[in-house]
Amino acid sequence: MTKRYVSLPEAAERGVQAFVDEVDERLSGEEDTCEVVRDTLVDLYGDREAYEAWQAGEEVSTAERVRLQGYDPCNATLESEYYAEKDEEAFRRSKHLQWLWRQFDATAMADNVEFALRFRRMLADHLFEECGEGCRFFKGITFTYGHNISVGDNVVVHDGVHLDDRGYLTIGDRVSISDGVHVYSHDHDVVDQTEVTNFHTTIEDDVRLTYDSMVRAGCNVGENAIVGARAVVQGDVPAHHIAVGMPAKSVKVKPGWEDVAQPVDEPVETDRTGRRLDYELPSDLEVFDEFERDLSTSD
């Protein structure tokens, strides 16, 4: 084993657990999520005195006002907020929790591993559709929504990972996702890049996605498989296989699994069509085109 058990000093442990429990209890209660997130960030950033003075009507600079307003997620926007097909009701809460996750990562305390892992694990319980026991989430992880993610037990997600759940993303038990990995659940049309198709992407139990690799939307990485560093998965990876390259191809079966794994030279079929997730856009949607094209239909 390459890890050892590490614990905080007793006094620090009590303080950390009390804080995590307090935020967890407030998020589980009837309070408005915006208020919980705002209060938590104001205190984490040590800005309580300035915030209360501003609330009391004291003069602040325009820059300071922007900073103080920014603790409240209702005063912020995220990229995924602009996506036309999002579930407005589900996103309303997940946006607030995403804001807390991201802004927490910008604090000095985000580098206190024992505290930060515990805090993010607690947030994952509220943000994800499902999150198992013993999960470890490191710094700089981003999501599209968060509420379209299901995570199993004892999953480890390292620094700088992007988990795209514009469609739906399932991650099994004991999965290891290394630094810089991107897992997608949506694709853009090759002709009109503003046309989006959502998929269900699955990473099965005991998979290792090694650093800087990418999994395309709608793919399935089979149980106990490994995706090599900087590999680009464009199709399914069979269980117990090691896939490398751009595009990723299976190069061998993991030692000891030869009797149960599909042979390397057998073709692999990927049913991305069957994993497509259809959606309907609101009838009253006000379309915004970021490329400023004329979208009106001609007679």
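**Stop one: charged pairs**

Select Arg118 and Glu13: their side chains meet in a salt bridge, 2.8 Å from N to O. That pair ties together distant parts of the chain, with Arg118 in helix α6 and Glu13 in helix α1, 105 residues apart. By salt bridge I mean a side-chain nitrogen of Lys or Arg within 4 Å of a carboxyl oxygen of Asp or Glu. Helices (H or I, at least four residues) and strands (E, at least two) are DSSP runs, numbered from the N terminus.

Before you click on, note that this is a predicted model, where local features need pLDDT of at least 70 and side-chain atom pairs count only at pLDDT 80 or more, while totals for chains, interfaces and linings use all residues. Residues are numbered from 1 along each chain as its sequence is written, and side-chain values use heavy atoms, leaving out hydrogens and water.

Buried or partly exposed: which is Arg118? Arg118 counts as buried, at 18% relative accessibility, and Glu13 is partly exposed at 28%. The cut-offs are under 20% relative accessible area for buried and over 50% for exposed, with partly exposed in between (1.4 Å probe, protein chains only).

Next, pick Arg26 and Asp39, whose side chains form a salt bridge at 3.0 Å, N to O. Here the link runs from helix α1 (Arg26) to helix α2 (Asp39), 13 residues apart. Asp39 is buried, at 15% relative accessibility.

Now jump to Asp278 and Arg276, another salt bridge, with the closest N and O atoms 3.3 Å apart. Asp278 is exposed at 67%, whereas Arg276 is partly exposed at 47%. Searching the whole structure turns up 22 salt bridges.

**Stop two: the core**

Select Phe128, Phe137, Leu163 and Leu209, the residues with the most contacts inside the largest nonpolar core, which has 59 residues. Such a core is a set of buried Ala, Val, Leu, Ile, Met, Phe, Trp, Tyr and Cys residues joined through side-chain atoms within 4.5 Å. Several elements each supply at least two of its residues, including α1 (10-28), α5 (88-105) and β4 (149-151). α6 gives the most, with 7 residues.

**Stop three: strands**

From there, show β4 and β7, which run parallel and are joined by 3 bridges; two strands pair if DSSP finds at least two bridges between them. Ile149 has Leu169 in β7 as its bridge partner. On to strand β11 (residues 196-203), which pairs with β7 in the parallel sense over 4 bridges; Thr170 stands opposite Thr202 there.

Which order do the strands of the 5-stranded open sheet take? The order is β3-β6-β9-β13-β16, with parallel pairing. Its edge strands, β3 (142-143) and β16 (232-233), each pair on one side only.

Another open sheet has 7 strands, β2-β5-β8-β12-β15-β17-β18, with mixed pairing. Its edges are β2 (136-137) and β18 (249-253). Inside it, look for Ile226 and its bridge partner Ile242 in β17.
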